[in-house]
Amino acid sequence: MARITLDKLGHSYMENPVADADWALKQVDITWDDGGAYALLGPSGCGKTTLLNIISGLLRPSQGRVLFDDDDVTALSPDQRHIAQVFQFPVVYDTMTVYENLAFPLRNRGVDSATTDKRVREIAEFIDMTHRLDDRAKGLTADGKQKISLGRGLVRTDVNVIMFDEPLTVIDPHLKWELRSKLKELHQRVGRTMIYVTHDQTEALTFADKVVVMNEGEVVQIGTPVDLFERPQHTFVGHFIGSPGMNVLPCTVDGGKVYLGGNQIAVANDAAQGGGTAEIGVRPEFVSFADNGLPATVVKVSDAGRHKIVETRCADQTLRMLISEGVEIPADGVKLAFDTANTRLYTDGWLAGSRSAGGEGR
Amino acid sequence: MNKTVNQKAWLFVLPVFILVAFNAVIPLMTVVNYSVQETFGDNTFFWSGVLWFTEILQSERFHDSLGRQMIFTFSILAIEVPLGVAIALTMPRKGAWVPVCLVLMALPLLIPWNVVGAMWNIFALPDIGLLGYGLNAMGFDYNFTRQIGDAWFTLILMDVWHWTSLVVLLAYAGLVSIPDAYYQAAKIDGAGAFAIFRYIQLPKMKRVLTIAVLLRFMDSFMVYTEAVVLTGGGPGNSTTLLSIDLVKIALGQFDLGPAAAMSIIYFLIILALSWVFYTLMMRNEES
Amino acid sequence: MTLELRQIEKTLGTDVHIHPTDLVLEAGGFNILLGTTLSGKTTLMQLMAGLDRPTGGTLHFNGKDVTGMRVQNRNVSMVYQQFINYPNFTVYENIASPLRVARMPDAEIKKRVGAMADLMRLSPMLDRKPAELSGGQQQRTALARALVKDSELVLLDEPLANLDFKLREELREELPKLFADRNCIVVYATTEPIEALLLGGSTATLHEGRVTQFGPTGDVYRNPKDVISAQVFSEPPMNTATVRKVGDRVDLGGIAYWPCPAVLSDKPDGDYQIGLRPHHVTPAANTPDGAQDGCVKISGEVLVTELSGSESTVHFKVGPEVWVSLAHGIHSFGVGEVADLQADLSRAFYFGADGALISS
């Protein structure tokens, strides 16, 4: 097990990258503590799979170093790095039984058969596969195969990190839930470092203690799920995390005060340092109906079961709010209030006042 | 209502049915017809029952040519399949060299069979052929028209040259269909090159290899043109394979009855062995 | 415009794919088929389209029997989970393809494709090939192709399943708008309850080849007919347990008791099944009995807690069952800890031995 440090890591798939856009991965500096559960979250093509492959050793970075504890492993192969990986599409050895699949990484490393047997049975117990040890791996369902892939990682005692590359893609939706909780439970039981790559915010946020949000080859924010939800550093994080995402409303700043359609809006951060394009960021969860506030009209109400998503027009902009099941929606003369503690000003996309204080990701 | 619509479908099958009848069923029936009758060449036939079959099955000549056929077939299978897989494994899976390699591999397959025979015949001639002359120059006493061992060597070498490509292409198709994740997972699991071959590449190639073995088996059992052009079955009868022998009986001696019986036995042997191969190779698929 | 299924069924050998089904679908609003993988959504759609023949029953379009009519002779469009486009055609040609088949004049095609591309925000990429597009753009191209001809029946088979989370959210919002002013019957298959809810319209819940309930989406969600329909329409899965009615009290396996609800008051004593959606089970309130009005406190051993930044999901043991609580805010429990939670009894469903909802 090890602490993982990514030191000034960058990667380009081109021979001679010139422009900023040539880099699949711009400079990344991250330190991950031993035993943590981490997620890499971002849309398709944001560079998260590139980063994952660099950590696992399947790809050599164009620049920078990967450190496991204090050892530079940049030049080592996946095998030498002692890592395990669960892929998007389940990888099992078809001709082997479940038992042989689990034993494979140990046998390759010349572990004696008594130890192998003990480990395999222990891990089979962990992943609920004890009753299927003698079955052909080929006949398993997709979620069973993913459990085997994970088991092959867990069975080794020398694994530094277990990585997951969108492991739930091919799992039936009603089983996704179960396997996701199982992963979380396993992490809590085995205490290994795990890195989970996904585009699905729910998977990332529920699995990880710390989430790295990426966009266009850059790390936009690293934080706990609560940080990302309550204090997005960038409008992208606000938009990408949460369903629906944060409302981002163009506004004007005058003398340290924020105005939206002529109404002054109180914000939680320092508006005085504003400059560039100014936007107010407020999550749908933090907008409520009030007796006094911004006048708005309700455009559409979508029933999501446990809550309603209300789309309103406010100061000529679309603003969404989330209303709990059972709360009445006023017919007309709607007034909206923002929760000040969760309303922030963003300039050029970044949280106002954060960049000069050494904001993250830049 | 379902039925009327379904019946219409037979109309579409009919042309194929007629075609197959003309080019397969009718000739086959003619052969069956010949195999149970005796003729003296003036279109008069006499019922002879299973006479020809017993005669053929008991004849030493048939046993010899069947034996030679078996040696030939299993030799080329034993060489071409492993060699083909080995070549496929060394071929690049990505990049600019892929089309070049594929075209090079396909070349021998594009050459007409009689040309292959003629080419090798000249190539192996001890006085002017590059192979024959070269071997003699190196001190080997090589003459495929006179020495039995040399004739076999040349015959098998020619078939390997001509047909290994087919195995390569099929094995290659199986290899490229393996997702990268499998190789990555194996690397991570610490598997060596042999383990990767044994547990990933071979299982994933199994289906195409089964097809390759079956195709090569059936084709080699029916090999005729190249062998005739190269050695003409000689020296003596030493490279007279089943098909060559069959043609000698049927068209050389005009013994239509025995030839027909031999054809049927020949056909049944291929059918039976193909079935055995197929079930053996597919046995593990089901479980 | 109506599409009516009368006792439609599909069997293959001894396998029943679709049990005899009656369903009347109408234009305006989505008709959603909600069910897990292999519940029969795709088979049902193929029967509706005429891609597959039913082994029994008849299909009527606007009252006319169209059973066995070939799909080519009916005005049907279909969009699949995989992004299916002609790889060698540009986006423009892809969208135009159904119109070319219909031998429409070039000028008209140009007009229609242009309008459709604007609507789908594909105008800047009309000259590109599908392989050069993102997943979302590819699926929008497939949707545009399905919509450009005025189909009477549009079948969408999990069209958003292969898209990124955020894109899915975006398209889910756009889709109802696209169909708003069209006169056609839209059928939409999905595995996700939230998708059904947000798309609105009507929903049919499917389970093992049977339509268990059909009605306005909100109604089906809030008033499930039976335990299976409620299960299909619940994500995460609905919490269930056996409760025993004894006189004027209900007993949850000795873990909790509460006064007999009105719906059970005139029912005989005995075992019933309770169903509670996860968001109606929340961390206990700060009151003397640990529960708000109308709620009951339930304690159980925690198996795992998942925090998503704005919500907490707690899996805990209730007797032999595993229940899930889903609540706003951050509520962290350690593994193995005994957590106090409350169940909102006013939202509870009670089901009889046959699984049917007991209602007043």
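This tour moves from the domains of chain A to a helix pair and then to the face that chain C turns to chain A.

The model is predicted, so local features need pLDDT of at least 70 and side-chain atom pairs count only at pLDDT 80 or more, while totals for chains, interfaces and linings use all residues. Residues are numbered from 1 along each chain as its sequence is written, and chains are lettered from A in the order in which they are written.

Begin with chain A, where the assignment (bounds from an automatic or database domain assignment) gives domain 1 as 4–11 + 25–230 and domain 2 as 246–351. Their centres, taken over C-alpha atoms, are separated by 39 Å.

Residues meeting here (C-beta atoms, placed from the backbone, within 7 Å) include Leu102(A) and Leu106(A) of H3(A), and Val120(A) and Ile123(A) of H4(A).

Finally, show chains A and C together: the contact takes 28 residues from chain C and 31 residues from chain A. On the side of chain C, the elements giving two or more residues include helix H5 (165–179), strand S16 (295–307) and strand S17 (311–318), and S16(C) gives the most, with four residues.

How values were computed
Two residues are in contact if their C-beta atoms, placed from the backbone, lie within 7 Å.
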